[in-house]
Amino acid sequence: MQGSGRPPPTAADAPEAGASVLSYSYNTILFKFSYPDFTGRRFLIYYKLDGFDNEWIEGTSNFQRTYSNLPYGNFVLHAVVKDDRGKELSSLSYPFKIERPFYSSWWALIIYFALFLCILVVLVRMYTMWIVMREKKVNEEQKRLQEEQLRAQEQLIVKLENEKLENDLTYKSKELASATLSVISHNDFLEGLKKEIQAQQLSGSYTKRFFDKLIRMIEENISGEDEWAIFQTNFDRIHEKFFTNLKERYPDLTPGDLRLCALLRLNMPTKDMARMQNLSVRGIEAARYRLRKKLNLPEGQSLVDFMIQFH
């Protein structure tokens, strides 16, 4: 009696003292059975594979049996020859073992474990990097928000400083305008007083010496060039070096032109400008015309707007 697989092992090939050991790649086995009986009697072969078959199986007419895709492990093939009356004529037991496949061997398990550890290390590293990147993004976002807050605070500070500066300039401009009007009133008063005294002098009510002394005192109190210089300095500070820039761009301007430019920037009425400079209204108009020529302003452009917008 014999059996075969790939390559076909037989009972004669197996050592009697031990089981045959087959690689897992040969787990499909073909067994061929034969019984040398020349008497002509009819017989049957029954077989059973321990670990696979649950009961005895009657053989086919060609006395072959194939087991496909057997799992790894130990097996024993039992074969029995019986006659037609059920009498046992012969028997055979063929032990064999199918080795574990490599993917289920201890080496494979060690490799799997090593791969698992590598994958685990990679995953832990990736997770750690993800945590670090997330924290970095959070820190960058916080830093960006802080920078935005700082910029907003700086802009607010600049805005408040500009507002304060603008308020200060407005206040100083009002003071300057008030001082200018005060000078105008002061000069008007002194001019009126001077004329009145001169009229009294002509009438002969007082001595000429008294009137000369009084007129001299009034002339000393009338605003002169020194007061205009102080006015120009203060005006230049408030209006961002207005006179300095004006003289640099238009060097032909006279001190009288510069005074008129300052009064025009303050948008002062023509009558007040006339009194401020001890001129008539017609004299102021003529001075404005000459100033337009020196500045090369085209017709239609406002001289006051030009002075207000000049920097």
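Aromatic rings and their neighbours

Me: Which residue lies over the face of Tyr67?
Reply: This is a predicted model, in which local features need pLDDT of at least 70 and side-chain atom pairs count only at pLDDT 80 or more, while totals for chains, interfaces and linings use all residues. Side-chain values use heavy atoms, with hydrogens and water left out, and residues are numbered from 1 along each chain as its sequence is written. A charge sits over a ring if NZ of Lys or CZ of Arg is within 6 Å of the ring centre and within 35 degrees of the ring normal. At 4.7 Å from the ring centre of Tyr67, the residue over its face is Arg65.

Me: How far apart are the ring centres of Phe33 and Tyr47?
Reply: Rings of Phe, Tyr and Trp (its six-membered ring) pair if their centres lie within 6.5 Å, and planes under 30 degrees apart count as stacked, over 60 as edge-to-face and the rest as tilted. The planes of Phe33 and Tyr47 are 5° apart and the pair is stacked, with a centre to centre distance of 5.6 Å.

Me: Is Phe96 buried or exposed?
Reply: Buried means under 20% relative accessible area, exposed over 50% and partly exposed in between (1.4 Å probe, protein chains only). Phe96 has a relative accessible area of 1%, and therefore Phe96 is buried.

Me: Which residue has its charged end over the ring of Tyr46?
Reply: The charged end in question sits 5.4 Å from the centre of the Tyr46 ring. The residue that carries this charged end is Lys82.
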